[in-house]
Amino acid sequence: MFFGFTQSPEISFGALFFYCQAMPLPESKEMMTANKYMRRALVIASRGRGFVSPNPMVGAVVVKDGKIVGEGWHKEFGGDHAEVIAISVAGEQANGADLYVNLEPCSHHGKTPPCTDLIIRSGIKKVLIGLQDPNQLVNGKGVAILQHHGIAVQTGILESESKKLNEVFIKFITTRKPFVVFKYAMTLDGKIATVDNASRWITGEESRKIVHRLRHSISSVMVGVNTVIYDDPMLNVRLAGRKFKQPIKIIADSHLRISMEAKALSSEPQLCLIATTEKADKGKVIELRRRGSQVLICPEKDNRVDLHFLFDQLGRMDIDGILLEGGSTLAFSALKYGLVDKVVAFIAPKILGGASAPTPVGGAGIGAMEDAMNLYAMRVRKIGADLMIEGYLK
């Protein structure tokens, strides 16, 4: 017998070869250590979610003699960078230590001085980086400067996890266009409301809490005017327990049909931006602006607001992410024009029926099955009684 195989020696060795080929190679002790501290950097980096936009989430960990002697994360836009905080905490112990950071340290003057200057002065001997910064102002320059000053640099530590954490930032900084997440909740038979447009609540409380966390983490939340007319949503974050960031509210309303009493226009400390066209009533535009809303006049496409134009303008406003929450016509337009990056769907174990009951995606639809939009890199989780499905569109 050989490793539990009872076949002939030839077959046993063949099976063993297949077993060895199928199993991943064990990580070296050095790589296990690097991954351990980079995971810590990623965990603390995520604490800046929602507060640092349009900057990336960054965490930094200073390690000396196998112990963490300093750590920090970028806490708010315009505030100190993660490396500055971590090195400050470490103090003199930073000299001769290793620095783990999930994104390449900056090498240019922005709202704060270059982090590379501080790293060099601190005496850090090695910098381990998760992801090279896609920002062209950095993009390898930080690594080059550190190496020029005799500091060892290792990149690509948990690179895929680093990309995932900052997927919004990566798209925005390379294209100047917002990262768009299409979110919806539906029943098992694909309905987002009853035949009488009743939609509260399709999913359970746990799923709804996740949606509010999404609103916190993404710069803006966007709906079409029909959603405002039928549901009158507040489009805000309503969670207790800690500080949350309220998203910018964006409403696509080509003919400016929104009611002046809509909850989305309430005087909360959120900017409400209404995207409309030249068909809008000029007096209503003036009144909305007088009440504090921002009205953006957009060109038309297919008799609606041109979403390409709108999203370009939002990018110019440093709005790096959009949580698209409906309605079905707006969703189809965004999907049709290739503007959606990610889909987050909640499916409740309920059945409503009704040929006229609304579905998450409406519009003209797609005629041929081979033209369907396919998701990839999908992830499925059970949230209470619901299912949550995440995936990306190419």
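Which residue does the side chain of Glu-325 meet in a salt bridge? In this predicted model, residues are numbered from 1 along each chain as its sequence is written, local features need pLDDT of at least 70, side-chain atom pairs count only at pLDDT 80 or more, and totals for chains, interfaces and linings use all residues. Side-chain values use heavy atoms, with hydrogens and water left out.

The partner of Glu-325 is Arg-215, and the two side chains meet at 2.9 Å, N to O. This pair links distant parts of the chain, 110 residues apart, since Glu-325 stands in the loop between strand E13 (321–324) and helix H12 (328–336), whereas Arg-215 belongs to helix H8 (residues 205–217). Helices (H or I, at least four residues) and strands (E, at least two) are DSSP runs, numbered from the N terminus. Both Glu-325 and Arg-215 are buried, where buried means under 20% relative accessible area, exposed over 50%, and partly exposed in between, for a 1.4 Å probe and protein chains only. A salt bridge is taken here as a side-chain nitrogen of Lys or Arg within 4 Å of a carboxyl oxygen of Asp or Glu, and by this rule the count comes to 17.

A further salt bridge brings together the side chains of Arg-379 and Glu-390 (3.7 Å, N to O). Arg-379 lies in strand E15 (residues 375–383) and Glu-390 in strand E16 (residues 386–393), so the pair ties together parts that are 11 residues apart in sequence. Arg-379 is partly exposed because its relative accessible area is 47%, while Glu-390, at 12% relative accessibility, counts as buried. Glu-390 also meets the side chain of Arg-381 in a salt bridge of 3.7 Å, N to O, and Arg-381 is partly exposed, with a relative accessible area of 30%. Through salt bridges that share partners, Glu-167, Lys-342, Arg-379, Arg-381 and Glu-390 are joined into one network.

Thr-187 is found in strand E6 (residues 179–187), and this residue counts as buried because its relative accessibility is 1%. A polar contact of 2.4 Å joins the side chain of Thr-187 to that of Asp-189; such a contact is a pair of N or O atoms within 3.5 Å, and within protein, one must be able to donate a hydrogen and the other to accept it, while residues adjacent in sequence count only if both atoms are side-chain atoms. When neighbours within four places in sequence are left aside, Thr-187 is in contact (heavy atoms within 4.5 Å) with Ile-202, Ile-347, Ala-348, Lys-350 and Leu-352.
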